Every structure is written in C-alpha cells, then in structure tokens.
Amino acid sequence: MISGIFENCIGLKDIEATLKYWTEFGYREVNRGQLSAEQAGLLYGHASDLTSLRLQNGNSSDHGLVRLLSWKQPRNQGLGHTLPVVNGSRWFASLVQDIYALADAFNDDKANGGDWIYSEPVRAIEFTGNLGVGLYNRFVGVREMFVISSQTRQAFFQRYNYNRPGYGTIDPSSPLLVSEGTHSSLIISDHSLSSFYAEVFGLVPFESNPKRSGYEKPSTRQTLMLDEGQEFYLSGFASPKTYVGLFQVYSPLYPTPDKREYSQPGSLGLSLFTYQVDDITAFHQRITASAATKVSPILPNEFGEPSFGLVAPDGMYWIIVGQTL
C-alpha cells in the first residue's frame, strides 16, 4: 500500500532561528539526525555535511510533516522571493482557525522588518463551494492567502460554512492555530508529465483533471500573484491511503523562468517533498522500471529510515521514505 506525500523539506542556514518560526505554527522537533557529505551525496545528490530535524504538528505523524535540512555548504540560495507560478516552484498549504489573525501577524512582522511577500486573505472556491447570495444562502468555500520568504512558501486557508473532518487538524497548543500541511503543490512546464504521479507513484487523480484556471478568477489571481492573462492547467491527486497529503500539479500556459535548479536538495528554502511507501523495495523496482532518472540505491537516511532519491520526468527531485515499524 502506498502512503503518499509525507514531508515538506526546507533547506536552511540557522537551525534555531528557523525552528523558532515553525514552533509558532504548532510544530515540534520529533527527530534529529546527520549524514556525512559522502552519504548525503549518494541520497540527495548534493555532497555536503547535513543535519536534519523532523518537525510534527500536533498528532499528525503520517503526512504534512516538515523536515529542516541544515547544509554545511548549500547548493544555492533557493527560490527566495520567486513568485508562485514559475517552473520548479513548490509550496504547501495548511488550514488555519482565523486567517485574519494570521494575516495580522505577518503584517505586524513586516512592518517591523520582517522579510515577507504575501497576499491578503480573499474568498475562494476551487473544488468545493458556492458563492453567497444573501443571509439565507451563505458563501461556502475558503479564505486563503499565500506567504513567501526564505523560510517557507506556504498557502493558508480557513473554511467557511462547511467542514472536512480529518483534513487539517489544528492542535490547540499551536500559537497561531495552524494545522499540519494538508496538500503540496508543484509547478512543471509540461502538464502531460503529471501522469507520472498517477501511473508510477500510485496517486489517485481527480475526475476533473486537468482543469484550466488562473487570472480570470479574481481569488486565484490575488492568491497566486498572477498578471493579466496568466492561466494554467491544474491537476489534483489524492493519496490512496491517507485522507490528506494531497498533491497538486500546475502548468502555466505562458512562458516562465525555469527555477528547478533552485528547488532541489541542497537549495535553501522549500526545496524537496518526500513520499512515504509501505514496501520500499517493491517501489524502488517500480521506479527503476519507469522514466525516472538518477535513481539512487536504497540507503538509510539521517533518521535511519530506508530511503532513495530520484528525478521525476518533469525534472523534480524526490526522496522516497519506507515505513518502519
């Protein structure tokens, strides 16, 4: 059985400063490990001494985790303030209890020197909901915002007038009342290559795949910081095992810079997703027989878990993590 998207991985320079940031979002350290430059080169394709921390939000241990990767010698500065929709961009999303309180926190921090790019909260409907037309037929959907910095590339959303139990769990001890990561997103240039994630990874495609969206939707235009006329294809994939850990693939229908070099292991900022499977040996054979390249042997990662790396046909690096008892 395949599990699905497991971790959102962030390259960094200063562990303690970055850890402080994630603590505000309800994450705590649950594991720490190291690899030598030689070991990291074999698994991650970047030869630098590595110290990693695994962070968990509340009791969510099977999806939506954060892994902090402290590289002694980073590959590059990462995506930085690159806007959301460019080839190679990544982000992930989390549910919040009060999106305006979260927006106030980012506004206040930026006013006092914080280095953030963000969109203001906006009402949105993508896959679920309907427009409100009055007091007795209210809006059903989300308000969402997008935040970009050297520490994260993250969307936040609050639900209105509907619920999806289990899809985003907010631990009451989270200072900003933010859930674990609910879904992760990737930008690729050739949308036909997204079929790899269904045919090889085993994710379940949405019936609406692919759908066209973008600038014509005011909420999408604001959240993803689009310019006039910018449209994209969007496909969603569900994990066959967990209720969350969804995966979304976007492909812009206009030219964008190619930032894949700044979105892979060794890069600073959000630069990797991991995918957890039950039977890593069988999955390694499956990947080896596919169009993936640079498939590493199965090796122990910094936490002692069986893992291997690969480059998908779209050019994006992945780490596969085997479940351990």
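**Close-up 1. K294 and its loop.** K294 is exposed, with a relative accessible area of 66% (exposed means over 50%, buried under 20% and partly exposed in between, using a 1.4 Å probe and protein chains only). This residue sits in the loop between helix 6 (280-288) and strand 16 (299-300); helices (H or I, at least four residues) and strands (E, at least two) are DSSP runs, numbered from the N terminus. Although K294 is a residue other than glycine, its phi is positive, near 50 degrees. Please keep in mind that this is a predicted model, in which local features need pLDDT of at least 70 and side-chain atom pairs count only at pLDDT 80 or more, while totals for chains, interfaces and linings use all residues. Residues are numbered from 1 along each chain as its sequence is written, and side-chain values use heavy atoms, with hydrogens and water left out.

**Close-up 2. Backbone geometry at N161 and P210.** N161 is not a glycine, yet it has a positive phi of about 65 degrees. Look for N161 in the loop between strand 9 (153-160) and strand 10 (178-187). The peptide bond from N209 to P210 is cis, with omega near -25 degrees. P210 belongs to the loop between strand 11 (204-205) and strand 12 (211-214).

**Close-up 3. S70 and its contacts.** S70 is part of strand 4 (residues 65-71) and is buried, with a relative accessible area of 14%. Leaving aside residues up to four places away in sequence, S70 touches L12, K13, I15, D49, L50 and T51 (contact means heavy atoms within 4.5 Å).

**Close-up 4. The nonpolar cores.** A nonpolar core is a set of buried Ala, Val, Leu, Ile, Met, Phe, Trp, Tyr and Cys residues joined through side-chain atoms within 4.5 Å. The largest one has 51 residues, of which W22, F106, F156, Y197, F247 and W318 touch the most other members. Beyond four places away in sequence, the residues that F156 touches include F25, V96, I99, L102, F106, R143 and E144. A second, separate core has 22 residues, among them V85, W91, L95 and I187.

**Close-up 5. The second largest pocket.** About 240 Å³ of space lies in the second largest pocket. Of its 17 lining residues, G11, S150, Q151, L268 and G269 are the closest to the centre. Strand 1 gives the most to this lining, with three residues. On a 1 Å grid over the protein atoms alone, a pocket is an open set of points where a 1.4 Å probe fits, with protein on both sides within 12 Å along at least five of seven lines; lining residues have an atom within 4 Å of a point. Grid points are joined across faces, edges and corners, and the volume is the space filled by probe spheres set on them.
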